[in-house]
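Here is a short briefing on one protein model. Please keep the structure open while reading.

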Amino acid sequence: MTSLKPVRGTRDIMNEECRGHRHVASVGRDIARRYGFTEIATPIFEFSEVFKRTLGEASDIVTKEMYAFEDRGGSEITLRPEGTAGIARAFISNGLTQNLPCKFFYEGPMFRYERPQKGRLRQFHQVGVEILGVPTPQADIEVIALGAQMLGELGVGDKTVLEINSLGDRESRAAYRDVLVAYFTGHRDALSEDSRARLERNPLRILDSKDKGDRELIAEAPDMSDYLNEGSRAFFDTVLDGLESLGVEMSVNPRLVRGLDYYCHTAFEFTTEVLGAQGAVIAGGRYDGLIEQMGGPSTPGVGWAAGIERLSMLLSEPPALPRPIAVIPVGEGAQGPAMGIAHTLRENGYVVDMGYSGNLAKRMKRADRMNACAAVILGDDELERNSATLRDLDSGEQSEIPLDDLTDRLSAFR
Ligand code: ATP
Ligand code: MG
């Protein structure tokens, strides 16, 4: 029955995988909090216009990847393919433009109609950060350092490298664009069809092409760094020096680009070799023209987004579940009191597992399967004495203790 399958490119996230995702998001959230970011949760769908205007009609996402539909009221709606556009919209619609700088963290599902493969889904999840209102390189340094710290605290720092480049300011980019167009026009016939189309609309994006023939031409293409004007060069050097002084390792990749006009100066990716073709785990850059493009006042911005699925695949061990305490009633009469004890322990912050049925042997087996650290066994005799048997499930040691002491005695198992 096809209707019981999840839609292509979507999946049910359970158990270890779910814990992996939660772990990535909570480490990201916690570090962002330490950096003074506040969380924002924008709607999962927006008017399609929001994405068309910010991502550009010519971008891959808008031309090929949007989950767009008309709702019952006839509005053109799109499930968000990324987080920055919605945040830029929220920034303007909530009148935050006088409250600068704004530092936002976000987390949640994103939707793109792409060909599903390892590390590439149609519903995937991101954490991301944005700083709005800071024109100076300090913000670039800060968001990149935050990303590096997140990878470090997730224990995947040594599996990733930071690649960084500068797209310069408008003047530098225009100069580079001209030489790039001249260069690729000279090799027009050798370019892939996609790249030939980009030559008119979006020539910088050719550098991003994965086509083999294109890659050979790209290897010989002129370098952006030769066309940075003085101010852009100084901006980039400040970013590089700042990162170096924080001990963030990086490698300058002159081919790293973002295609859209409002991207400028810093572009970066944290990539890994471990995941095959889908190697980018964090991608970001500076987008000083974006808010203006959306109809807001000119406001600089810089940020990144990280793929939660890809990061969680890099984790060497899924985060462990806390070990529960098993409460085990033996016999009918113990059921009610056992419920009460489990309840009290849970109120006191303990993780408690209580099976719903079965004899002592079956319940002990369950405790073992749940990796319980201790069992509180309640038989009729013990209950008459207002006590329980507490068994350490690692050492096997056990003793009878008064129920009143239970909460305290269990603190050894926290
Ligand atoms: P790619 O080159 O892999 O297509 P992208 O340039 O489209 O990535 P961004 O839009 O910059 O990616 O998104 C930031 C991050 O989100 C990526 O580095 C990646 O980790 C993750 N990501 C993007 N698209 C997907 C997807 N379809 N499935 C899973 N993760 C994704
Ligand atoms: Mg993509």
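Buried means under 20% relative accessible area, exposed over 50%, and partly exposed in between, with a 1.4 Å probe and protein chains only. Helices (H or I, at least four residues) and strands (E, at least two) are DSSP runs, numbered from the N terminus. This is a predicted model: local features need pLDDT of at least 70, side-chain atom pairs count only at pLDDT 80 or more, and totals for chains, interfaces and linings use all residues. Residues are numbered from 1 along each chain as its sequence is written, chains are lettered from A and ligands numbered from 1 in the order in which they are written, and side-chain values use heavy atoms, with hydrogens and water left out.

**Helix H8 and its surroundings**

- Helix H8 covers residues 212–219, and its buried residues are Asp-214, Leu-217 and Ile-218.
- Seen down the axis of H8, these residues fall within an arc of 100°, so they line one face of the helix. The arc is that of the directions from the helix axis to the C-beta atoms.
- Lys-212, Glu-216 and Ala-219 are exposed on the other side of H8.
- H6 and H7 are what the buried residues of H8 pack against. Contact means heavy atoms within 4.5 Å.
- Ser-192 lies in the loop between H6 and helix H7 (193–201). Its relative accessibility is 16%, so Ser-192 counts as buried.
- Not counting residues up to four places away in sequence, Ser-192 touches Asp-211 and Asp-214. Asp-214 is one of the buried residues of H8.

**Helix H9**

- Helix H9 (residues 230–245) has 16 residues. From first C-alpha to last, H9 reaches 22 Å, close to the 22 Å expected at 1.5 Å a residue. The expected span is 1.5 Å times one less than the number of residues.
- Ser-232, Phe-235, Phe-236, Val-239, Leu-240, Gly-242 and Leu-243 are the buried residues of H9.
- Down the axis of H9, the buried residues fall within an arc of 165°, so they line one face of the helix.
- Glu-230, Asp-241, Glu-244 and Ser-245 are exposed, on the face of H9 turned away from its buried side.
- The cover over the buried residues of H9 includes helices H5 (137–153) and H6 (170–186). It also includes strands E7 (160–166), E8 (251–252), E9 (264–272) and E10 (280–286).

**Aromatic and charged side chains**

- A pair of aromatic rings is described by the distance of the centres and the angle of the planes.
- Rings of Phe, Tyr and Trp (its six-membered ring) pair if their centres lie within 6.5 Å; planes under 30 degrees apart count as stacked, over 60 as edge-to-face and the rest as tilted.
- The count by this rule is 5 aromatic pairs.
- The rings of Tyr-183 and Phe-184 have centres 5.0 Å apart and planes at 70°, so the pair is edge-to-face.
- Phe-268 and Phe-270 are also edge-to-face, at 6.5 Å centre to centre and 80° between the planes.
- Phe-268 is buried at 0% relative accessibility, and Phe-270 is buried at 4%.
- The charged end of Arg-122 sits over the ring of Tyr-113, 3.8 Å from its centre. The charged end of Arg-414 sits over the ring of Tyr-350, 4.2 Å from its centre.
- For a charge to sit over a ring, NZ of Lys or CZ of Arg must be within 6 Å of the ring centre and within 35 degrees of the ring normal.

**Backbone exceptions**

- Most residues other than glycine have a negative phi, and most peptide bonds are trans.
- His-265 is not a glycine, yet has a positive phi of about 50°. His-265 is in strand E9 and is buried at 10% relative accessibility.
- Asn-386 is not a glycine either, and has a positive phi of about 60°. Asn-386 is in the loop between helix H14 (380–384) and strand E15 (387–392).
- The peptide bond from Leu-100 to Pro-101 is cis, with omega near -5°.
- Leu-100 is among the residues that Gly-133 touches, along with Thr-299 and Pro-300, not counting residues up to four places away in sequence.
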